[in-house]
Amino acid sequence: MRTLGLGLLAGVLAWISAGCGGDDGTIVTVYAAASLSEAFEDLAEEFEAANPGVDVKLSFAGSARLAAQISAGARADVFASADIANMARVVDAGRTSAPPVLFARNRLALVVPADNPGDVTELADLVDDELVVAVCAPEVPCGALAETVLDDAGVDIDADTEEASVRAVLTKVMLGEVDAGLVYASDVAVGSDKVLAVPLGPQIRFNDYPVATVSDREVATDFVDFVLGPDGFRILWIHGFDSP
Amino acid sequence: MTGRFTTKRPHRRPPIAILVMAIIAVAVLALPLVGLLQRTPWSSLGTTLGETATLEALRVSVVVSLLAAGVSVVLGLPLAWVLARLSFRGRALVRAVVLLPMVLPPVVGGIALFFALGRRGLVGRALHNWFGLDTLIGTTAGAVIAAAFVSMPFFVITAEAGLRQLDSRLESAASTLGAGRWTVLRRITLPLLAPSLAAGATLSWARALGEFGATITFAGNHPGRTRTLPLAIAQANEAGQPEAAIAMSVLLIGVSLLILIGLRHRWIAPRARQPEGSPETSPS
């Protein structure tokens, strides 16, 4: 019994300490916009495969939150933002080690739960106060894009909730808790069979995604080059992003 | 009390090691606040706090936290009575479930509330179909439910402790003298319990005032309806407006400190009630 307890304790300690450095591999920490989640997971996997011994640690959140964290000194190697404004905050804070480069472009999408409970067929339907609508907060890139598109269309809505990241909007639509949400075109596939995209017609507005190194480590530059290279382009395209 | 660092028993020095550790503990807890205050733009504080958006968030915070504390008292008092006075199988389990929100990450509470009260949730679906209740996202009611979920345990645990400490012989005496159940409750139990109830209500109010995770997850972020001060602070911080975030934080810290200072006698009550100079007895 006592041996068992000691063995268990040793196991737990080994498991705990496994996470505490000690790893001989190189770690590259990438802060990326929430909308990049699946694309960057694939990117990281291929980058790791192409660079044995390198471990990519990904941190996803709304670009505004990531920009705030990096500006406050978070130890990231690479930052990929969903718009230029939030990248500019990090550049202004003097936290980038090389000028940002555009690597992808994303358009707005209107999604509804698969059974479309609010019977939404076009953007203008969102003015109905009875509809429960989720958007991104204005400081989050998808929120800024939504504002521009709604302004263009002359549609004035009072959204029920302003979320801190595009994926929080998507989740609420997938759960059926809201009747409609404004997300990115690249998010529609992530919602799979739980969401429907309502056609918005030709889109002239988009967000440009810039990426920049934060640390001056070589592996950070390697990762950015990989994102900008042919493999990065292919993976981003598969996940519904356009090229800038 | 003769000096700052004397214990109640005279002629005995406090061990240095304990003092050092205690000072480190205070530093760990107080340093972030000092850091915040040192960065506070005091000259422009008034202007920032006077902005419409800030006042709106303050109003939502006050309304939501007071309503949540009210819900906690109305529902929590009967629950505390049941837990303190009735013995039944599974009481320990009930108590554990009731206190769970105190240790649960609030965001878990928010997600769980979706599956209970959301449009397609366990109970929410029925409410939606039968009473036409629509979503609670973006409504003050939703924010109150989220805040009550995390703050009610604080009331229940305080009220239950108060009920257990109550000298039940007083209640027995009253009923022996012919008082009915309600009279005993009204004239004996509640007045004796009042300090505990006040402390529990204040504590749950303070917890509701600081609530963030469950609210933003379950009730969303809508200005004037669910955007409380904590939500507004997080948003300002992420939007690259640190001054606004700091100013609202100072406001929230000030209110919370006032609450805690007001409560201080409740937490050291047994000792404070002892007459000066009487020998200390260990609580039985």
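## Close-up views of a two-chain model

**View 1. Where chain A meets chain B.** The contact brings together 18 residues from chain A and 16 residues from chain B; two residues are in contact if their C-beta atoms, placed from the backbone, lie within 7 Å. On the side of chain A that touches chain B, helix H3 (63-71) and strand S7 (161-163) of chain A each give two or more residues. Helices (H or I, at least four residues) and strands (E, at least two) are DSSP runs, numbered from the N terminus. By class, this side of chain A holds seven nonpolar, three polar and eight charged residues. Here Ala, Val, Leu, Ile, Met, Phe, Trp, Tyr, Cys and Pro count as nonpolar, Asp, Glu, Lys and Arg as charged, and the others, Gly among them, as polar. Please keep in mind that this is a predicted model, in which local features need pLDDT of at least 70, side-chain atom pairs count only at pLDDT 80 or more, and totals for chains, interfaces and linings use all residues. Residues are numbered from 1 along each chain as its sequence is written, while chains are lettered from A and ligands numbered from 1 in the order in which they are written.

**View 2. A closer look at A:Glu139.** You can find A:Glu139 in the loop between strand S6 (133-136) and helix H5 (141-153) of chain A. Is A:Glu139 buried or exposed? A:Glu139 is buried, because 25 other C-beta atoms lie within 10 Å; the cut-offs are 20 or more such atoms for buried, 12 or fewer for exposed, and partly exposed in between, with C-beta atoms placed from the backbone. Leaving aside neighbours within four places in sequence, A:Glu139 is in contact with A:Ala64, B:Glu238 and B:Ala239. A:Pro99 is 40 residues from A:Glu139 in sequence and 22 Å away in space, C-alpha to C-alpha.

**View 3. The two domains of chain A.** Chain A is assigned domain 1 (24-105 + 208-238) and domain 2 (108-198), with bounds from an automatic or database domain assignment. Their centres, taken over C-alpha atoms, are 26 Å apart. Where they touch, domain 1 of chain A supplies 14 residues and domain 2 of chain A supplies 13 residues. Helix H2 (37-50), H3 and helix H4 (84-92) of chain A each give two or more residues to the domain 1 side, and H3(A) provides the largest share, three residues. That domain 1 side has six nonpolar, five polar and three charged residues.

**View 4. A helix crossing in chain B.** Chain B has 13 helices and zero strands, and 34% of its 284 residues count as buried. Helix H4 (residues 91-103) and helix H7 (residues 140-165) of chain B pack at an angle of about 120°, with their axes 8 Å apart. Axes are lines fitted to C-alpha atoms, for helices over the stretch in contact, and angles run from 0 to 180 degrees between N-to-C directions. H4(B) and H7(B) are therefore oblique to each other: angles under 35 degrees count as roughly parallel, over 145 as roughly antiparallel, 65 to 115 as roughly perpendicular and the rest as oblique. Among the residues that meet here are B:Val98 and B:Leu99 in H4(B) and B:Phe149 and B:Val150 in H7(B). The contact of H4(B) with H7(B) has 10 nonpolar, no polar and no charged residues.
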